[in-house]
Amino acid sequence: MSVTVTLTFRWPMGHRILDLPGDGAKCTNIHGHNWIADVELPNDDGALEFGEVKAKLGNWIDEHFDHGFMVHETDPFLDYLIEHGLKHFPTHKPPTTEVVATVIAEQSRLLLGVRPFRVHVQEGYRNAASWYDG
């Protein structure tokens, strides 16, 4: 038997994804979403405390994502964000929902010392992606 705990985090954040083909091409435009992340953590020994997880991971999300802009490191818009001192989070890959889930999974591991079982991220009301430990 395994025990997990799940915490939910919500924040608004902008992004754009360059060079998507077809219907995805509209994502080249600068836009934003209300994001929701459900982070499921193993807790067989009961050592994780909700308050600590909320403080550490929640504060990281607030500091790096909340009301910010996720941008690919080669996107020319990054220069504008830097020049104007605007909150941004550069990524090595296009800033997709999958990348958001992966970043949160990695930060969970770094901040909490626990590798998540699952990170499920919802981009607005329609799209979602999940990162799984596997």
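At 36% relative accessibility, K56 counts as partly exposed, the class between buried (under 20% relative accessible area) and exposed (over 50%), computed with a 1.4 Å probe on protein chains only. The model is a predicted one, in which local features need pLDDT of at least 70 and side-chain atom pairs count only at pLDDT 80 or more, whereas totals for chains, interfaces and linings use all residues. Residues are numbered from 1 along each chain as its sequence is written, and side-chain values use heavy atoms, with hydrogens and water left out.

K56 forms a salt bridge with E52, with 2.8 Å between the closest N and O atoms; the term denotes a side-chain nitrogen of Lys or Arg within 4 Å of a carboxyl oxygen of Asp or Glu. Side chains of opposite charge can pair when their charged atoms come close. E52 is likewise partly exposed, its relative accessible area being 35%. Because K56 and E52 are 4 residues apart in helix 1, about one helical turn separates them. Helices (H or I, at least four residues) and strands (E, at least two) are DSSP runs, numbered from the N terminus.

In the whole structure, 4 salt bridges are found. One of them joins the side chains of R16 and D75, at an N to O distance of 2.6 Å. R16 belongs to the loop between strand 1 and strand 2 and D75 to the loop between strand 3 and helix 2 (77–83), so the pair ties together parts that are 59 residues apart in sequence. Both R16 and D75 are buried. A further salt bridge is formed by R115 and D133, whose closest N and O atoms are 2.6 Å apart. This pair also links distant parts of the chain, with R115 in the loop between helix 3 and strand 5 and D133 in the segment after strand 6, 18 residues apart. R115 is partly exposed at a relative accessible area of 43%, and D133 is partly exposed at 38%.

Aromatic contacts were assigned to rings of Phe, Tyr and Trp (its six-membered ring) with centres within 6.5 Å, planes under 30 degrees apart counting as stacked, over 60 as edge-to-face and the rest as tilted. By this rule there are 7 aromatic pairs. The ring centres of F65 and F89 lie 5.2 Å apart with the planes at 85°, so this pair is edge-to-face. The two residues come from distant parts of the chain: F65 is in the loop between helix 1 (50–64) and strand 3 (68–72), and F89 is in strand 4 (residues 88–91), 24 residues apart. F65 is buried at 0% relative accessibility, and F89 is buried at 16%. F69 and F77 form another edge-to-face aromatic pair, with 5.1 Å from centre to centre and 75° between the planes. F69 is buried at 7% relative accessibility, as is F77, with a relative accessible area of 17%. Ring pairs also link W11, W35, W60, F65 and F89 into a cluster.

Strand pairing requires that DSSP find at least two bridges between the strands. Strand 1 (residues 4–15) and strand 2 (residues 31–42) run antiparallel and are joined by 12 bridges; L7 stands opposite V39 in strand 2. Strand 2 is also joined to strand 5 (residues 118–123), by 6 bridges in an antiparallel arrangement, and A37 stands opposite V121 in strand 5.

The largest pocket has a volume of about 380 Å³. A pocket is, on a 1 Å grid over the protein atoms alone, an open set of points where a 1.4 Å probe fits, with protein on both sides within 12 Å along at least five of seven lines, and lining residues have an atom within 4 Å of a point. Its volume is the space filled by probe spheres set on the points, which are joined across faces, edges and corners. The lining comprises 18 residues, of which K26, C27, H33, E123 and N127 are the closest to the centre of the pocket. Strand 2, helix 3 (97–112) and strand 6 (127–132) each give two or more residues to this lining, and strand 6 gives the most, with 3 residues. The lining divides into 6 nonpolar, 7 polar and 5 charged residues, where Ala, Val, Leu, Ile, Met, Phe, Trp, Tyr, Cys and Pro count as nonpolar, Asp, Glu, Lys and Arg as charged, and the others, Gly among them, as polar.
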